[in-house]
Amino acid sequence: MTDGFKDKVALVTGGASGIGKAVSLKLAGAGARVVVSDLDLDGAKSVVGEIEAAGGEASAVRADVADPAAVAEMVRHAVSTFGGLDLAVNNAGIAGDNKPVAETSDEGWNKVIAVNLNSVFYCMKHQIPAMLERGGGAIVNVSSILGTNGFATASGYVAAKHGVVGLTKTAAIEYSAKGIRVNAVGPGFIKTPLIDDNLDAEAQEQLTGLHPIGRLGKPEEVAALVAFLLSDEASFITDRTISSMEPTPRSNAGVKEPVLVHDVICSSYQGETSHAQR
Ligand SMILES: NC(=O)c1ccc[n+]([C@@H]2O[C@H](COP(=O)([O-])OP(=O)(O)OC[C@H]3O[C@@H](n4cnc5c(N)ncnc54)[C@H](O)[C@@H]3O)[C@@H](O)[C@H]2O)c1
C-alpha cells in the first residue's frame with residue numbers, strides 16, 4: 001500500500017461494482033478517504049467494509065446520479081463526512097437499449113443520457129465548488145472507447161459517452177488554471193457485470209477480437225489509469241481523454257461481423273475488411 005493520496009478525500013460514483021469498485025479500492029489503498037456512492041447501497045457498504053478491513057477509511061452513500069438533488073446531497077455527504085473534496089471519479093453508468101436508432105424508445109434514450117451524461121454535469125457542478133474551497137483538485141470522468149467511436153445498436157450510450165468527452169474538455173478549459181485538472185478515461189471492453197449482464201459469450205468473444213491485446217480488460221487495469229490521472233504524477237495532464245485500449249485495423253480484421261466503426265479504419269481499410277453496419 002502506497003500513501004500517494006494520504007490526506008485526500010475522494011468520491012467515486014458507481015463505486016459498488018466493476019470499475020468503480022476497483023477505483024475505490026485502489027484510491028483507499030493509496031491512503032485516500034473514499035466516499036463510495038452508488039444506487040446499490042448494500043454494494044457500496046460492502047466495498048466500504050473491504051476498505052476498512054484493509055485499514056482504510058471510507059463511507060457509503062446512496063445516490064441516483066441521474067437526480068440532481070441526490071447528487072448535490074452526495075457531494076454534501078462527502079464534505080460533511082471527511083471535511084472537503086479533493087478527487088472525484090464520475091463513473092456510474094448503464095448499458096442502455098440494445099437496438100438500432102429507429103427502434104430505440106424515447107424512454108430508453110432519455111434514461112441512458114440521464115445516467116451516463118447528465119449525471120457527469122450534475123456531479124461536476126457540485127464537485128467543482130467543493131474543490132475550489134480546498135484550492136484545487138482532480139476529476140476523472142469515465143467515458144468509453146465508444147466516446148470516440150460509433151457502435152451499432154448503442155446510439156444513446158455512444159452519444160452520452162461522446163458528450164462526456166466534450167463536457168470534460170470544457171470543464172478542463174474552465175477550471176484547470178484554478179487548480180482543478182479534468183480528464184476522462186475511455187476504457188476498451190472490460191470484464192464487469194455491465195458486460196456480463198448484457199452480452200453473451202459469443203458477443204464477448206467478438207469484442208475480445210477488437211483488442212490488439214486479445215482479451216477483455218480487468219477493472220483493476222482501468223483503476224490504475226484513473227489513479228495515475230488523479231495523482232500529482234499527472235500534474236501537467238488535463239483536458240485529455242485517455243483510452244485504455246483502442247481498436248486497431250489489425251485487431252478489427254479478425255472480427256466476423258464488425259459492430260464497431262472507427263473513422264480511421266473506415267477511410268483507410270475499406271475493401272480489406274468488412275465494415276458493413278448492421
Ligand atoms: N465494462 C466496460 O466494458 C466499460 C467500457 C467502457 C466504459 N465503461 C464505463 O465504466 C463505468 C462503470 O461500468 P462497469 O463496467 O464497472 O459497470 P457495472 O455495472 O459493474 O457498475 C456500474 C455501477 O453503477 C451503478 N449505477 C447504475 N446506475 C446508477 C445510477 N443511476 N446512480 C448511481 N449509480 C448507478 C450500478 O449500481 C453499478 O454499481 C460506466 O460508466 C461504463 O459506461 C465500461
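Let's start with strand E5, residues 137–142, which is mostly covered: six of its six residues are buried. A word on terms: buried means that 20 or more other C-beta atoms lie within 10 Å of a residue's own, exposed means 12 or fewer, and partly exposed is in between, with C-beta atoms placed from the backbone. Strands (E, at least two residues) and helices (H or I, at least four) are DSSP runs, numbered from the N terminus.

Before I go on, please keep in mind that this is a predicted model: local features need pLDDT of at least 70, side-chain atom pairs count only at pLDDT 80 or more, and totals for chains, interfaces and linings use all residues. Residues are numbered from 1 along each chain as its sequence is written.

Back to E5. Which way do its residues point? Gly137, Ile139 and Asn141 point one way, Ala138, Val140 and Val142 point the other way, and all are buried. The chain crosses from E4 through H4 to E5, and this β-α-β crossover is right-handed. Right-handed here means that, with the strands pointing away from the viewer, the path from the first strand over the helix to the second runs clockwise.

Now the neighbours of E5. Two strands pair if DSSP finds at least two bridges between them. E5 pairs with E4 in the parallel sense, over four bridges, and Leu87 stands opposite Ala138.

How many of the residues of E1 are buried? Five of the five, residues 9–13, so E1 is largely enclosed by the rest of the structure.

Which strands does E1 pair with? One is strand E2, residues 33–38, in the parallel sense over five bridges; within that pair, Leu11 has Val35 as its bridge partner. Another is strand E4, residues 87–90, joined to E1 by three bridges and running parallel; there, Val12 has Val89 as its bridge partner.

Next, the core. A nonpolar core is a set of buried Ala, Val, Leu, Ile, Met, Phe, Trp, Tyr and Cys residues joined through C-beta atoms within 7 Å. The largest one here has 73 residues, and those with the most contacts inside it are Ala10, Leu27, Val34, Val36 and Val226. Helix H4, residues 106–134, gives the most to this core, with nine residues. In soluble globular proteins, nonpolar side chains tend to be buried together.

Have a look at Val34 on your screen. Contact means that two C-beta atoms, placed from the backbone, lie within 7 Å. Not counting residues up to four places away in sequence, Val34 touches Ala10, Val12, Ser24, Leu27, Ala28, Ile51 and Ala58.

On to the ligand. A residue is near a molecule if its C-beta atom, placed from the backbone, lies within 6 Å of it. Of the 29 residues around the ligand, which come nearest? Those are Gly14, Gly18, Gly93, Thr192 and Leu194. Helix H1 (18–29) and helix H6 (193–196) each supply at least two residues of the shell. The shell divides into 16 nonpolar, ten polar and three charged residues.

Two residues deserve a look for their backbone angles. Most residues other than glycine have a negative phi. Asp7, though, has a positive phi, near 70°. Asp7 sits in the segment before E1 and is exposed, because it has 9 other C-beta atoms within 10 Å. Thr153 has a positive phi too, of about 70°. Thr153 lies in the loop between strand E6 (150–151) and helix H5 (155–175), and its 17 C-beta neighbours inside 10 Å make it partly exposed.

Finally, the whole chain. It comes to ten helices and nine strands, and buried residues make up 46% of its 278 residues. Of the contacts with a separation of 6 or more, 70% are between residues 24 or more positions apart.

Methods. Ala, Val, Leu, Ile, Met, Phe, Trp, Tyr, Cys and Pro count as nonpolar, Asp, Glu, Lys and Arg as charged, and the others, Gly among them, as polar.
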